[in-house]
Amino acid sequence: MLTLLIAWPLLAGALLLLPGIPDRAARRLFVLAAAIEVVVAGVVWATYDSPAPGALSHEIDVPWIPGLDAGYHVGVDGLSLPLVLMTVVVVAACAVHTLAEDHRPARLAALLLALEGVTVGVFVAADLLLFFVFFDLSLVATYLVILGWGHGPADRVARSAVRFFLYTFLGSLAMLVGFAALFAASDPHTFDMVALAADPPFQGSGALGAAALGAVLLGLAIKTPTFPFHTWLPPAHTDAPTVGSVVLAAVLLKTGTYGFVRIAMPMFPEAWRAWAPVLLVVAIVSVLWGALVALAQTDLKRMVAYTSVNHMGYVLLGLAAAGFLGGALDGEAAEEARAVAVTGAVVLMVSHGLLTGAMFLLAGALWDRRDGSADPYDLHAYGGLARLTPRFSVLLAVAAFGSLGIPGMSGFVGEVQVFAGSLATAPWAALAVLGILVTAALMLRALHLLLAGAPGGRSTGLTDLTAREYAPVGALLALSVAIGVLPGPLVAVIEPAASAVAAYVAR
């Protein structure tokens with residue numbers, strides 16, 4: 001079933017590249033292919049039973065490169081399954097949004113489906129080489145989406161695409177060095193992630209393990225991105241097409257944070273604890289820096305992009321806190337606090353995917369109504385949209401309040417768990433709470449500039465969202481509300497795997 005989840009979008013994307021497919025048919029086939037992927041993922045969810053700690057469900061393990069003990073090893077647990085579901089839902093929302101795409105829709109759909117297949121591959125890979133292959137393929141597909149369908153002047157779009165690729169490719173090379181070090185240090189040599197997590201090769205190696213983890217952390221920190229490795233993100237988002245921004249923010253950033261919890265923490269437990277204070281500082285700076293810079297933006301897309309730095313900081317905060325042992329808590333209470341922090345981090349990954357995906361789809365609606373404007377994302381160019389575009393306004397308000405973490409939405413569930421777990425193990429993580437206040441200020445400022453007052457400027461004559469536009473946004477926000485109101489089913493899936501990671505780190 002997991003092979004089908006990877007292969008189906010790749011196959012459907014390849015079929016869309018066949019010559020002679022009319023644009024209208026290509027757009028509809030994209031929706032159909034994405035819907036089938038959602039159904040397959042739903043079957044995986046419905047047939048999922050939490051595996052034993054350290055094990056995987058729906059596991060497939062076939063030898064690939066026997067000399068390296070590398071295989072086509074895939075499986076899911078509570079860390080990966082929610083992200084797989086989030087990925088296919090977000091891509092389905094993008095497919096519906098692109099029903100009006102008129103610029104080479106078949107090729108764009110093929111690339112987005114390919115991106116979906118390789119990203120699902122990242123989340124289900126249980127072999128480091130397989131993880132690396134899917135990780136790098138996602139960079140290529142994203143580069144082509146930005147370059148081929150980017151918004152803005154061609155030379156600026158090209159620079160943003162190249163910057164994205166070079167930054168993230170450099171990160172992946174650093175990560176490969178860390179993977180090679182894991183292989184070299186393991187006995188017997190292997191790239192199998194389950195085996196490496198069960199018997200971490202660098203235990204007791206001190207600085208050597210810390211250096212190997214540093215290489216992995218560099219790659220993951222760039223992809224997440226965290227401060228100061230985030231500089232590729234704002235231009236990539238500004239110049240990417242709407243669906244490119246959605247997939248980049250909602251899905252691809254999670255491959256970095258997922259790497260922290262899947263690879264860095266269980267395979268380098270001792271080194272993770274040594275790095276934990278540094279990671280906590282990076283997380284707090286990312287939270288505050290991302291929020292403050294977002295507050296200073298006048299461009300809606302750049303503002304949302306910087307909030308991603310802020311939100312990924314919260315995710316790293318929870319994961320870094322799990323590396324703190326001792327302190328005020330000990331024994332079972334400490335272990336429970338670390339598990340809560342990791343659980344909250346994974347919930348936040350899902351929540352950010354849903355809410356930021358909705359925000360970028362709404363920003364895309366302004367682009368589609370630009371009417372010759374060179375800067376349709378300028379927050380100061382609008383006003384009074386609440387009177388003219390009620391559907392847009394309501395959905396934007398829900399997405400904004402969800403992003404700042406109000407109760408009743410998914411962000412609140414994740415942030416409460418992250419802070420509860422983090423403050424119990426590292427009390428100075430409380431500094432990050434200030435980020436929530438700044439986020440509230442920037443979201444309210446954006447809502448005021450766009451929605452309040454009398455209609456004027458570019459708001460004049462602006463039409464409200466069509467069903468094709470509000471349906472995918474509404475679906476993403478409805479899922480966020482569902483998680484916020486009834487988080488139990490999601491948390492129940494994540495908790496066993498998060499507890500296993502917390503226990504791994506404490507070894």
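**Overall fold**

Tutor: Among contacts (heavy atoms within 4.5 Å) between residues at least 6 apart in sequence, 84% join residues at least 24 apart. This is a predicted model, where local features need pLDDT of at least 70 and side-chain atom pairs count only at pLDDT 80 or more, while totals for chains, interfaces and linings use all residues. Residues are numbered from 1 along each chain as its sequence is written, and side-chain values use heavy atoms, with hydrogens and water left out.

Student: How many helices and strands does the chain have?
Tutor: There are 19 helices and two strands, taken as DSSP runs (H or I, at least four residues, for helices; E, at least two, for strands) and numbered from the N terminus.

Student: What share of the residues is buried?
Tutor: Of the 507 residues, 59% are buried, meaning under 20% relative accessible area with a 1.4 Å probe and protein chains only; exposed is over 50%, and partly exposed lies in between.

Student: Which residues touch the most others in the largest nonpolar core?
Tutor: F131, W272 and M303, out of 177 residues in that core. Helix α13 (residues 331–368) gives the largest share of this core, 18 residues. A nonpolar core is a set of buried Ala, Val, Leu, Ile, Met, Phe, Trp, Tyr and Cys residues joined through side-chain atoms within 4.5 Å.

Student: What does W272 touch?
Tutor: Leaving out residues up to four places away in sequence, its partners include L213, F260, M265 and V505.

Student: New topic. Where is A195 found?
Tutor: In helix α7 (residues 193–198). A195 is partly exposed, because its relative accessible area is 35%.
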